[in-house]
Structure formats: C-alpha cells, structure tokens
Amino acid sequence: MGKAMNGIKRVGMLVSALCLARATFAQGAFQPVVTIDNMVVTSFELDQRKKMLEVFRTPGDLDKLALDALIEDRLKNQAMQRAGLRLDDASLRRAMEDFAGRANMSLDQFSQVLAQNGVAQETLRDFVRTGVSWRDFIRSRFGNSVTVSDAEVRAAVAQ
C-alpha cells in the first residue's frame with residue numbers, strides 16, 4: 001500500500017509540475033517545431049529529448065539528433081497504430097525498469113536523475129514505449145521470415 005501511495009503522490013507532484021510548466025511555457029514551449037502527417041512535435045518535446053540525450057551523454061549535434069529521433073518516433077508510432085500494436089502498461093513499466101537497470105539503477109533512481117536534469121518522466125516513458133513497441137513490431141513482422149544458416153554464422157564468426 002505504501003508504494004501505491006508513494007506513486008500517487010509522485011503522479012500528483014508531476015501533474016502539478018506539468019501544469020505549472022504548461023502555464024509558464026504556454027506561448028513558446030508548446031508551439032509546433034515540425035508537423036509530420038498531421039502529427040506535431042513541439043518545442044517542449046524537442047527540449048525534453050535534448051535534455052534526455054544530454055543525460056545519456058549522447059555525442060553529436062543534440063538539436064539535430066533530438067529532432068530526427070522525434071520525427072522518426074512519430075512515423076514509427078503511426079505505423080504501429082495502423083498495425084494495431086499497443087504496449088500494455090505492465091510491459092511498459094517492465095521495459096522502463098529494464099532500461100534503468102542498464103544504468104545500474106532502479107526506475108525510481110533513474111527517474112530522479114532525469115528529473116534533476118529537467119527531464120519529465122513522460123519523456124522517458126514515450127522514449128521507451130516507442131523503442132520497445134518498434135522492436136516488437138519488427139519482430140512480429142519479420143521475425144519468422146529471417147533465417148540464418150549455420151554456414152552464414154560460421155562465415156560471420158570467421159570475419
């Protein structure tokens with residue numbers, strides 16, 4: 001019960017923070033940066049992705065990488081939506097925990113690090129949801145059509 005109450009408190013705090021952020025950034029942060037097939041990427045989303053990439057220590061032009069990734073995410077999500085693929089909440093939670101585990105942290109610890117760097121939990125959630133869903137989508141579409149022979153494996157190992 002304690003974890004549930006703690007989660008509810010976190011959600012409440014996050015909603016409050018997002019409402020404040022929305023009021024503060026109403027003019028500029030939620031303006032569209034780019035539109036892809038009637039899907040909008042806002043300057044807030046772009047800023048959030050860039051901050052997350054900074055936390056991940058991603059090399060390169062983060063403005064370009066963040067925008068390219070968000071555009072790609074929109075297109076991937078559109079394809080998955082057409083296919084009727086949806087990641088349930090429990091699977092998403094496990095995927096987020098696994099992602100945090102790669103940094104040797106619990107999801108709560110990882111979320112806290114992101115929050116300390118100005119990254120909202122929803123940014124991580126959307127990032128992980130798209131990545132895991134896309135992986136599952138590709139697997140379901142092409143998983144059975146790809147076969148690798150023992151000879152191909154040996155040739156690859158020999159290289």
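How many aromatic pairs does the count come to? The rule pairs rings of Phe, Tyr and Trp (its six-membered ring) if their centres lie within 6.5 Å; planes under 30 degrees apart are stacked, over 60 edge-to-face and the rest tilted. By this rule there are seven aromatic pairs.

1. F56 and F127 make a tilted pair, with 5.9 Å from centre to centre and 55° between the planes. F56 sits in the loop between α2 (43-55) and α3 (62-83) and F127 in helix α6 (residues 121-142), so distant parts of the chain, 71 residues apart, are linked. F56 is partly exposed at a relative accessible area of 25%, and F127 is likewise partly exposed at 25%.

2. F99 and F110 pair edge-to-face, at 5.8 Å centre to centre and 75° between the planes. Because F99 lies in helix α4 (residues 89-101) and F110 in helix α5 (residues 107-116), the pair ties together parts 11 residues apart in sequence. Both F99 and F110 are buried (buried is under 20% relative accessible area, exposed over 50%, partly exposed in between; 1.4 Å probe, protein chains only).

3. F56, F99, F110 and F127 belong to one aromatic cluster.4. A word on the basis: this is a predicted model, where local features need pLDDT of at least 70 and side-chain atom pairs count only at pLDDT 80 or more, while totals for chains, interfaces and linings use all residues. Residues are numbered from 1 along each chain as its sequence is written, and side-chain values use heavy atoms, leaving out hydrogens and water. Helices are DSSP runs (H or I, at least four residues), numbered from the N terminus.

4. The axes of α2 and α3 come within 9 Å and cross at roughly 115° (axes are lines fitted to C-alpha atoms over the stretch in contact, with angles from 0 to 180 degrees between N-to-C directions).

Key
Helices (H or I, at least four residues) and strands (E, at least two) are DSSP runs, numbered from the N terminus.
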